[in-house]
Amino acid sequence: MSPKGRRRKAALALAGGGPLGAVYEIGVLMALSEALDGFDFNELDAYVGVSAGSFIAAGLANGLSPAYLYRMFIDSDSAEVPFEPEMLLKPAIGECARRAARLPSLLFEAMQEYLRSPLQRGFLASFQRLSRAIPTGVFDNAGIDDFLGRLFSLPGLSNDFRRVRKPLYLVATDLDSGTSVAFGAKGFEHVPIATAIKASAALPGLYPPVEIDGRWYVDGALKKTLHASVALKAGVRLVLCINPLVPFDARHAAHERHSRERKLVDGGLPVVLAQTFRAIIHSRMKTGLAKYGIEYKDADVILFEPGRDDADMFFTNIFSYADRKRLSEQAYRKTREELLRRHDELAPKLARHGVSINLDVLTDPHRSLARRMGQLKRHRARTMGLTALRLSDTLDDLARAVRRMQARPRAA
């Protein structure tokens, strides 16, 4: 326990990783919520989200449980507001049209410049300005607005940083200055949460930058991977971090699975770019975590992430319901294994903050994410059934009362 016998300030920092990253994070959260006593994921002192992690952080800060997020992102058929991955892949028709409309004037200006001094400027230098007609994103992020608008309109939820249950910080990068901005912090709390999520998840090349108060913002991972320092600067001294973005080690994966080694180059440009991006930000994250250990010696920052041989985290089909369930189940199982393996390391750190690891839960051989969600679904069905039954009884009582009143003789 903490020196005062109660839990000290704790926070959660969630990195990006696209829809797959969100699915992985939910699996980890389900495992941690069962195994950590004294750590309520809806009662923390700060939530920090970057890119895909901003969706999950905003939900938790609004009071949505990890199980609710599971139904929304993974078992979407049972969710009030289901997450549909297809919404992320709608072509950015508006952005393409705006850029294409600029092409004639840019071409005219390039021709003028080249004809004025063809020997000095050269053909390629004069026509370089045509690159301004290239769209800044392939996909439209308007679907995010629609999804979040429906989600935050549910009873008890809010799209306002100032009205959410707990402090929430969603990080994006100011495109023109290269600086990080934590929406929800002082001076940026007026921005709608949905807009901040859209900005934090605007990965350059895939989605256009998002304009907020005359400034343009892109993915928050461009500057840092986790931004756990946002919580540490706010006085939090225990930060649990979840990072789905780990570079894939094809050789190690083949050795562990006794299979043929994959060649990532065979996956084409998307796979090559994904591996490059993961390698860069993972190396940067390790440097950042080491720095936290120096700057915040009285704090504990604990990281959970997939193994480098985890092929599912790299190749899972996000559009497959079965694949999403398998990935979340694997994240759940691996996190339980990691808590057991690291028990001697983590238990003292967590104890300093009033949190303990429940070994009875971790050593239960019958636990699985599918079984747990099945139990919750049955409990929810029973609860809804009882509620409907009580409502029916109430309506019956009301109907009988009305009939009695109608049957009374009227005064002369």
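**Overall organisation and helix packing**

Among the contacts in the chain with a separation of 6 or more, 75% are accounted for by residues 24 or more positions apart. The model is predicted, and its chain contains 16 helices and 10 strands. Of the 412 residues of the chain, 46% count as buried.

Helix α1, which comprises residues 18-35, has 18 residues and spans 26 Å from its first C-alpha to its last, a length close to the 26 Å expected at 1.5 Å a residue. Because 15 of the 18 residues of α1 are buried, this helix is largely enclosed by the rest of the structure.

Helix α2 (residues 52-61) and helix α3 (residues 66-73) form a pair whose axes come within 10 Å and cross at roughly 135°. Since angles over 145 degrees count as roughly antiparallel and those from 65 to 115 as roughly perpendicular, α2 and α3 are therefore oblique to each other. The crossing of α2 and α3 is right-handed, and the contact is made by F55, I56, G59 and L60 of α2 together with P66, L69 and F73 of α3. In an α-helix there are 3.6 residues a turn, so residues three or four places apart point the same way.

The cysteines were also considered. With a disulfide taken as a pair of cysteine sulfur atoms within 2.5 Å, the count comes to zero disulfides.

Definitions and conventions
Residues are numbered from 1 along each chain as its sequence is written. This is a predicted model: local features need pLDDT of at least 70, side-chain atom pairs count only at pLDDT 80 or more; totals for chains, interfaces and linings use all residues. Side-chain values use heavy atoms; hydrogens and water are left out. Helices (H or I, at least four residues) and strands (E, at least two) are DSSP runs, numbered from the N terminus. The expected span of a helix is 1.5 Å times one less than its number of residues. Buried means under 20% relative accessible area, exposed over 50%, partly exposed in between (1.4 Å probe, protein chains only). Axes are lines fitted to C-alpha atoms, for helices over the stretch in contact, and angles run from 0 to 180 degrees between N-to-C directions. Angles under 35 degrees count as roughly parallel, over 145 as roughly antiparallel, 65 to 115 as roughly perpendicular and the rest as oblique. A crossing is left-handed if the near helix is turned anticlockwise from the far one by less than a right angle, and right-handed if clockwise. Contact means heavy atoms within 4.5 Å.
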